[in-house]
Amino acid sequence: MIDDWRPTATIVTLRERARLIAEVRTFFAERGVLEVETPVLGHGGSTDVHLASLSAEATTPAGRERLWLQTSPEFAMKRLLAAGSGPIFQLARCFRDGEVGRRHNIEFTMLEWYRPGLPLAALIEETADLVRRVLGRESGDDPVPLRRRRYRELFREALGIDPFTVPIEMLRRLAAERGGLAMDNAPRDDCLDLLMSLVIEPQLGRGGIEVVVDYPASQAALARRHRDPEDGERVASRFELYLEGLELANGYDELTDAAEQAARFAEDNATRRAAGLPEVDVDTRLLAALEHGMPAGSGVALGIDRLIQLALGHEGVAEVMAFATPRC
């Protein structure tokens, strides 16, 4: 089209975006958290089965190599933590193939920060405070309330099942009915993810911030695991934060065990092979950093475009980006 050179956000919106980004930087400066920059390209990518990494061939001192566009700055930031950086944050450009829509863009901005020594419960409070700051509702007569919800409790309330113990055939039937998809051979986590995204997530964060905790241990990703106090079930030490039906943030009690991390990378790539997906190069430098010793603590990734979208009352992330993917 003749006008497709124009930005997807108005200039007024871009000025407001800049103001809110400045608020984010002020928030962390007040808390003594160092801003860092790490590479967009890396020798390792994300092995996460649910993410599609982009790669590029480049000429390096070692010759022609495949480098990965980062889906998150996590690996490089953890290397800084292992080197003694202390608390750090970054507003990073990230890339995830195929993620285009009202809530997604292939290239986007991730706000990610790490707090050595900080328990996950305290990070939840800090994340909620950051969201309130960007929304302009930190204090006064109209604060944004925070409510914690357990993953298991949400499935019991919304679907009448226990996600940890429901028989797999029953779970597949329920996922097929709600999703309108063939789920005959789907793994448990795929069924749970479908039900979570279609049935539960749209209702979360209505009228306030909701944080979901105690995910299945199989969904730990790069988080530690602990025992569910209810029955000793192994669960992931992580949280997701929602507002107005949008997932905004994903936080972990960070895994620091190099051997376990290597095993998880290998398991991810084995799952990729079984599913016919391309394998992703493992970040061996992250493993070396963990072997050296990364301090215990917590970290969180927050989709800043989504948060700005909500703060400014827009319908999609393209409206708060200068040039969303279709016009890049």
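Which residue forms a salt bridge with E23? In this predicted model, the partner is R133, and the closest N and O atoms of the pair are 3.4 Å apart. The two residues sit in distant parts of the chain, 110 residues apart. E23 belongs to helix 1 (residues 11–30), whereas R133 belongs to helix 3. E23 is partly exposed, at 27% relative accessibility. R133 is buried, because its relative accessible area of 12% falls under 20%.

R133 also forms a salt bridge with E30. Here the closest N and O atoms lie 2.8 Å apart. E30 is in helix 1 and R133 in helix 3, so this pair ties together parts 103 residues apart in sequence. E30 is exposed, with a relative accessible area of 52%.

A further salt bridge joins E240 and R238, with 2.3 Å between the closest N and O atoms. Both residues count as buried: E240 has a relative accessibility of 9%, and R238 has 5%. Elsewhere, shared partners join E23, E30, R31, R115, E126 and R133 into one salt-bridge network. The total count is 32 salt bridges.

Helix 3 (residues 120–135) also packs against helix 9 (residues 304–312). The angle is about 45°, and the axes are 9 Å apart. Helix 3 is therefore oblique to helix 9. Their crossing is right-handed. Helix 3 contributes L130, V131, V134 and L135 to the contact. Helix 9 contributes L307, L310 and A311. By class, this contact has 7 nonpolar residues, no polar residues and no charged residues.

Conventions
Residues are numbered from 1 along each chain as its sequence is written. This is a predicted model: local features need pLDDT of at least 70, side-chain atom pairs count only at pLDDT 80 or more; totals for chains, interfaces and linings use all residues. Side-chain values use heavy atoms; hydrogens and water are left out. Axes are lines fitted to C-alpha atoms, for helices over the stretch in contact, and angles run from 0 to 180 degrees between N-to-C directions. Helices (H or I, at least four residues) and strands (E, at least two) are DSSP runs, numbered from the N terminus. Angles under 35 degrees count as roughly parallel, over 145 as roughly antiparallel, 65 to 115 as roughly perpendicular and the rest as oblique. A crossing is left-handed if the near helix is turned anticlockwise from the far one by less than a right angle, and right-handed if clockwise. Contact means heavy atoms within 4.5 Å. Ala, Val, Leu, Ile, Met, Phe, Trp, Tyr, Cys and Pro count as nonpolar, Asp, Glu, Lys and Arg as charged, and the others, Gly among them, as polar. A salt bridge is a side-chain nitrogen of Lys or Arg within 4 Å of a carboxyl oxygen of Asp or Glu. Buried means under 20% relative accessible area, exposed over 50%, partly exposed in between (1.4 Å probe, protein chains only).
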